[in-house]
Amino acid sequence: MLGPLEVIDADRPVALGGIKQRATLGFLLLQANRVVATSQLLRALWPVDEAPTSARKILQNAVWGLRGVLSAGTAGNDGAGAPALLTQAPGYVLRVDPDDVDLHRFQRQVEAGRAKFSAGAPEDAATLLREALTLWQGPALADLVETGIAWPELAAVEKARLDAMEDFFEAELACGRHQAVLGELETMVAAESLRERSCGQLMLALYRCGRQADALAVYDKVRTTLVEDLGLEPGRSLRDLQHAILTHDTSLSLPPSRPPGAAPYQLGRRTAREQTAEIPAQRRPGSGGAPLASVPDPAPAAAAHRARTAVAAPDGRRTAAAATVTERTQVSVALIATELPEDTPGGTWSESADTALEAVAGAVQEKAEHFGGTVVASIGPVTLALFGACSGDGDRKDAAERAVHASLAVRDALGSAAYATGRHGRHPAVRAAVVTGEAIVRYRPDDPGTPPTLIGTLLHTGQSLLDRVPAGEVRVCANTREAAEAAITVDPAGDPATGWEVRGIRREYPGEHTVPIVDRDCELDLLRGLLSRTRHRAKPHLVTVLGDPGIGKTRFVTEFARAFADQPEPARFLVGRAPSFPGDDALAVQGEILAAACGILPGQPAGEARAQLAATVRRVAADPREADRLLPPLTPLVTPGHESADPAEALAAWRRLVVALAAERPLVLIIDDLHRADDALLDCVEDLVETAGAVPLLVVAAARPELLQRRPDWGAGKRHTSTLGLDPLSDAAIDRLLEVMIAPEQAAAVGEGPDDRRRYMRRLLASGSPSGALRHLYGRIRKPLSLPAAV
């Protein structure tokens, strides 16, 4: 089967007859020893709607002919072990010894090779896998494929061959034979340019051959193909491998010889980076007085190159043992110092000052973990929390924002009555410094309970900044200030030496217009048409704007609001963002929208907020009794700290008020980052459009594609829903951005050619912070940060 279909009897080929008879045998062999329905065979032999009226008769004749061929081979013996084609409802079954079929021998040999590799014997694995691959004499059932047959089962067989080839290359690389497989790898990558695993293997082989530039060229080529053809960036593993090559990571060197009893290799879906990044495991950082600026790495050098392992569980499934990964990456670190009041001698608040410090450290850890961080060390009164070290790229983009949020939350929590201590009931003094930059991080992805280890000068920077922070303040470095500018407000009078004091959280929706909107005119016209339709027909509508991270969803919906909020007969635009962090208020979006509708500003006194809410509700409610029913459940949404009402009751009241607002004036609700929402918010958004009635209400939700992974039927089959996908910007659009933002004489500072400049601009726009990207660009070309008035 692995090549043209052949049946061999006593070393002689057997005549198989015409194409339908050969195709019948080939399909039955793909389903060997399983019953194949007659209808399934008919669909395999003829395309849909092209089967002749005599199709069943032709199939019966083919089966009769095959039985004659197979029985002829058993003449002169007792027929033991010979194949047999039997009739069995609802069709036929071909009984055959798997050892007599090369496809089954191939599959068994590949499994044996993988087992050898997992057992720490790459030499034996490479031999077995090579023998398995030599069984192939061309595409599976090549003669049938030439006639136009394209069964899904054949595609699966071909995929298994490619997987086995990658397994073979992996075993050869583990044996240090990168030169031997280089040619085969280049051929495979040329034919299968979207298989990232083999691309990574080729990059590793080229790097070990001293061809670093060629290895990086392979990455650039596969990335270009993925971005231009699919709109996707390479996977995390391939990006890590590129970074390792750029930094000459020692983990890419040839693996050492493996002593008896060493942890076995793992074969399967591992990447080239994972196959060779065998880094020593780290102990949990201690608290025994080591300076914060140098969290020690206690693992000796002799423990290097410990491999990731694969072991068999009792039920036969394979599980991967933990391994330490080392990478140099961008992180944010919060250094939080808490000092007890001087009049806490032995513990008015607790049995001892040590116990008090322990309780304070627990509060710090709780807030850090709430915002997605990890406490990696607590040394005396200072706690070190790490953000963005072991998460996906999307999580790393807001690591600085989360670190600042956590520091402010710690300060506010320790200022509450629960932590008052000492004879005079004073609170612990809290000061915090948040720094952002590159550092070496070591963590165990398969053991989240073990905190990462952090090494680098970033800790020196943080400790130096912390020493200059007065009690009660949170200060940030320049990098943190830039990365989190959309979410925080700072004292503009800061400087790099003393940092910038954080004044508070920026609650308003970020309306960044520093990067112009291009290549989105058609999408904006679609939204404008839906708004017009909603207004004139009084029909609620939900449109979901889908796009990958960094593609510009937020800027797009912001531009929509800016462009159409001041049109004749303007609509009211209210904006909310789904909670950014785990455990945030489930009704935060509703509260943000309600506050905007009532004109309530962040930090406004609770009494004023309640008064403005009451005025708005009484203005739009149908009658005073309805207003009296709405106010109690709505009040907690706009007055933090107020006793919370029943969430279901608050949600129902919020929906009724939104409908009333839409009846008063056409209403557009913009909800950003809906993919982060919990199920209750998703249900609320869908139900709002379905139950609002005849009012001009347009709901625009921006989300990443993972929303459809959670809710595959999101908006499907419903009359008043639409989905709008944002594609990556075209080269022409990128060129327009470059023309607006960069003078011709400065273009060379961004890239040598048009393609280089476009790639650079795409990376900036995908960074998650357009204004930060723009500053980065203008810093590179040394041009003042200014744009034409039209922009």
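Reader: Hi! Where does His-248 lie?

Author: His-248 sits in the loop between α11 and α12 (272-276). Helices here are DSSP runs of H or I with at least four residues, and strands are runs of E with at least two, numbered from the N terminus. This is a predicted model, in which local features need pLDDT of at least 70 and side-chain atom pairs count only at pLDDT 80 or more, while totals for chains, interfaces and linings use all residues. Residues are numbered from 1 along each chain as its sequence is written, and side-chain values use heavy atoms, with hydrogens and water left out.

Reader: Thanks! What is the phi of His-248?

Author: Phi of His-248 is positive, about 55°, although the residue is not a glycine. Most residues other than glycine have a negative phi, and most peptide bonds are trans. Partly exposed is the range between buried, under 20% relative accessible area, and exposed, over 50%, using a 1.4 Å probe and protein chains only.

Reader: Which residue other than glycine has a positive phi near 65°?

Author: That is Asn-33. Asn-33 is placed in the loop between α1 and β3 (36-37), and at 32% relative accessibility Asn-33 counts as partly exposed.

Reader: And which residues does a cis peptide bond join?

Author: Ala-89 and Pro-90, with omega about 5°. Pro-90 is in the loop between β4 (84-88) and β5 (91-95).

Reader: Back to α1 for a moment. How far apart are its end C-alpha atoms?

Author: They are 16 Å apart, which agrees with the 16 Å that its twelve residues (19-30) should span at 1.5 Å a residue. The expected span is 1.5 Å times one less than the number of residues.

Reader: How many of the residues of α1 are buried?

Author: Ten of the twelve are buried, so α1 is largely enclosed by the rest of the structure. Among them are Arg-22, Phe-27 and Leu-30.

Reader: What forms a salt bridge with Arg-22?

Author: Asp-143 does, and the closest N and O atoms are 2.5 Å apart. This pair links distant parts of the chain, since Asp-143 is in helix α6 (residues 142-146) and Arg-22 is in helix α1, 121 residues apart. A salt bridge is a side-chain nitrogen of Lys or Arg within 4 Å of a carboxyl oxygen of Asp or Glu.

Reader: How many salt bridges does a search of the whole structure find?

Author: There are 35. One of them joins Arg-161 and Glu-158 at 4.0 Å, N to O. Arg-161 and Glu-158 are three residues apart in helix α7 (residues 152-174), which means they are separated by about one helical turn. Arg-161 counts as partly exposed at 28% relative accessibility, and Glu-158 counts as partly exposed at 24%.

Reader: Which helix holds Arg-236 and Asp-240?

Author: Both lie in helix α11 (residues 236-246), four residues apart, about one turn of the helix. Elsewhere, salt bridges that share partners join Glu-111, Arg-114, Lys-159, Asp-163, Glu-166, Asp-167, Glu-170, Arg-195 and Arg-197 into one network.

Reader: New topic: is Asp-673 buried or exposed?

Author: Asp-673 is buried, with a relative accessible area of 10%. Asp-673 is in the loop between β18 (667-672) and α24 (679-691).

Reader: What does a polar contact join to the side chain of Asp-673?

Author: The side chain of Arg-577, at 3.4 Å. A polar contact is a pair of N or O atoms within 3.5 Å; within protein, one must be able to donate a hydrogen and the other to accept it, and residues adjacent in sequence count only if both atoms are side-chain atoms. Leaving aside neighbours within four places in sequence, Asp-673 is in contact (heavy atoms within 4.5 Å) with Arg-577, Ala-578 and Ala-702.

Reader: And where is Gly-591 found?

Author: Gly-591 is in helix α20 (residues 588-598) and counts as buried at 6% relative accessibility. The C-alpha atoms of Gly-591 and Pro-636 are separated by 8.4 Å, although the residues are 45 apart along the chain.

Reader: Last one: how many helices and strands does the chain come to?

Author: The chain has 28 helices and 20 strands. Of its 791 residues, 48% count as buried.
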